[in-house]
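Have a look at the structure, then read on.

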Amino acid sequence: MATEIVINAAREETRVAVLENRMLTEIYIDRRKDQGIVGNVYKGRVVKVLPGMQAAFVEIGQEKAAFLYVDDIATHMDDYSRFMEEAGEKEDEAPEPPEGTEAADAADAAPTEPPITASPDAVGDGGEEAPVVEGNTEREAPGTETRPPSRPKPRRAGNRPIEGLLQEGQEIMVQVTKEPMGTKGPRVTMYVSLPGRYLVFMPNVNHVGVSRRIERDDERGRLKDLIYRFRKPGTGYIVRTVSEGMTEDEVQADMAFLELVWKNILKKKETSAAPALLHNDLDLIFRTIRDLFTHKVDRLIVDAKPEYERIKEFVNTFMPDLSSRVELYDREEPLFDNLEIELEISKALGRKVWLKSGGYIVIDHTEALTVIDVNTGRFVGKRHLEDTILKTNLEAVKEIAYQLRLRNIGGLIVIDFIDMERERNREKVFNLLQEALSKDRAKSRILRISELGLVEMSRERTREDLLRILCEPCSYCEGRSYTKSAATVCYELFREIRKIGSSPKSKKIIIGVHPDVANLLYDEERQSIEELEREFHKKVIIKADSKLHIEQFDIVTL
């Protein structure tokens, strides 16, 4: 399977697309004004302890206070390894603060300061999990070649309540594990882990683990011996899947880098007043290189020369054997247009998805869950109704698995398949769904098809889905549907200007936009307009037109 990583780097946002056999499978977006914070380490202050929720809210300098569950509270760091959760246990045992509860209200009421600019969320959270430690028995949870490492998930020791562990006003060091989503603040843990290219460093764990994805016993033993030889006493490491074939020099270089990062965090902690950012993760481009760019990737394409040079320097230093796979795209046609990625992103925002047979699926988002409905549509089959239904459902399974991954839909999901009378047909659909989701890097849990043809499932959710990133509730229909945000329309407009800006025949570009978009262009995006004027030596004139839909704009060149 041919795999490509495509990077579109502009001043206002960076977009990373993963293509498998020229099909868009994942999209990551980092907007400079709204960068993510997963992986960041903060010195925070406890602002509220909720015994009824066995959770606390911690002020870390973001818009909303962070949510800290009791199982994520480190008490005795020397016993850190005893708290690691059994591999394969429920991903979301620790509760999120429910809407309308004291916990949710506390998040809104907690004192806040201006947000600290930090790095975006991790590219595809999950990856090599911390090894499970029970006595002297060592096992490792599974990982994948392209996923970044997940942080160790603690297990409570005893039944000590949260009010006996934390007090309001107490200063603690925490690491963000989940981005703020909707009305909820970020999720944090006191168990810090630092991912490198080859290793995951756990500063207070006296343990060494190897990703289960490295299957050869001799290689596992070699890698483990290397770690034991070079690590400092009392520290722990997880060897990531990409480390297969790793040399002594690479081990020592990764260890030295991660230990230096940890020392800097501790130094900042001693000199900073809470709330304070102690460490921010790499930006989206370098996280992509660190976590996704492996020998399984055939090429990495980037359309900005400065970013290309940064990537080449990084790759030449840390993975020189992959340097030849990095390419600079310098054609006039925009990169995402050339590879038809823009078209696929637009399709991914649609409610209805057509199947090749003529059937279709409908994807609806609610506050609590996502509902997917399967319909035969124009497909009428040939002979038997049951065969028509089975074929539609089987085709829908593959498309559903693809759309869940592309749109990054997480949380609770209900799939309404077309009713099937025969049990063996229901079993075929269920087995195919399991197989299709097994290729997804996000964990999922599926219940069998009910007699009503419904499948209930959950999919790991660590960041906002594509719809929430690119769209906002539609003011025209009071939130019952969506439109693209003014910022998204601005950035589409910038791309259109770049397409036509190089024409030597025109001296002015006149833009007609919705007043909300015009206000954004006059205010926050004024610098971008000025840069485009300097780049193409043309005057850009903006005209607000209230008759235009917010997603529409007119461009005239003179």
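Helix α5 covers residues 305-318, which makes 14 residues. From its first C-alpha to its last it reaches 20 Å, close to the 20 Å expected at 1.5 Å a residue; that expected span is 1.5 Å times one less than the number of residues. Helices here are DSSP runs of H or I with at least four residues, strands are runs of E with at least two, and both are numbered from the N terminus. Keep in mind that this is a predicted model, where local features need pLDDT of at least 70 and side-chain atom pairs count only at pLDDT 80 or more, while totals for chains, interfaces and linings use all residues. Residues are numbered from 1 along each chain as its sequence is written, and side-chain values use heavy atoms, leaving out hydrogens and water.

Which residues of α5 are buried? They are Glu307, Tyr308, Ile311, Lys312, Phe314 and Val315. Buried means under 20% relative accessible area, exposed means over 50%, and partly exposed is in between (1.4 Å probe, protein chains only). The buried residues of α5 pack against β1 (3-9), α4 (284-291), β16 (299-302) and β17 (326-328).

Now for helix α2, residues 217-230, which has 14 residues and a reach of 20 Å from first C-alpha to last. Glu219, Arg220, Leu223, Leu226 and Ile227 are its buried residues. They sit on the same side of α2 because they cover an arc of only 125° around the axis, taken from the directions from the helix axis to the C-beta atoms. An α-helix has 3.6 residues a turn, so residues three or four places apart point the same way. On the face turned away from the buried side of α2 you'll find the exposed residues Asp217, Asp218 and Arg229. The cover over the buried residues of α2 includes β12 (199-202), β13 (208-210), β14 (236-239) and α3 (248-271).

Next up is a strand residue. Asp364 lies in β19 (residues 360-365). Leaving aside residues up to four places away in sequence, Asp364 touches Arg351, Leu369, Thr370 and Val371, where contact means heavy atoms within 4.5 Å. The side chains of Asp364 and Arg351 are joined by a polar contact of 2.6 Å. Such a contact is a pair of N or O atoms within 3.5 Å; within protein, one must be able to donate a hydrogen and the other to accept it, and residues adjacent in sequence count only if both atoms are side-chain atoms.

A few loops are worth a stop too. Ala274 and Pro275 are joined by a cis peptide bond, with omega about 0°, and Pro275 is in the loop between α3 and β15 (276-279). Phi of Asn408 is near 55°, a positive value in a residue other than glycine; Asn408 is in the loop between α8 (385-407) and β21 (411-416). His537, in the loop between α13 (526-536) and β27 (539-544), also has a positive phi, near 55°.

| Residue | Relative accessible area | Class |
|---|---|---|
| Cys490 | 0% | buried |
| Cys471 | 11% | buried |
| Asn408 | 13% | buried |
| Asp364 | 27% | partly exposed |
| His537 | 70% | exposed |

Finally, the whole protein. It has 13 helices and 28 strands, and 53% of its 558 residues count as buried. The search for disulfides (cysteine sulfur atoms within 2.5 Å) finds 0 in the whole structure.
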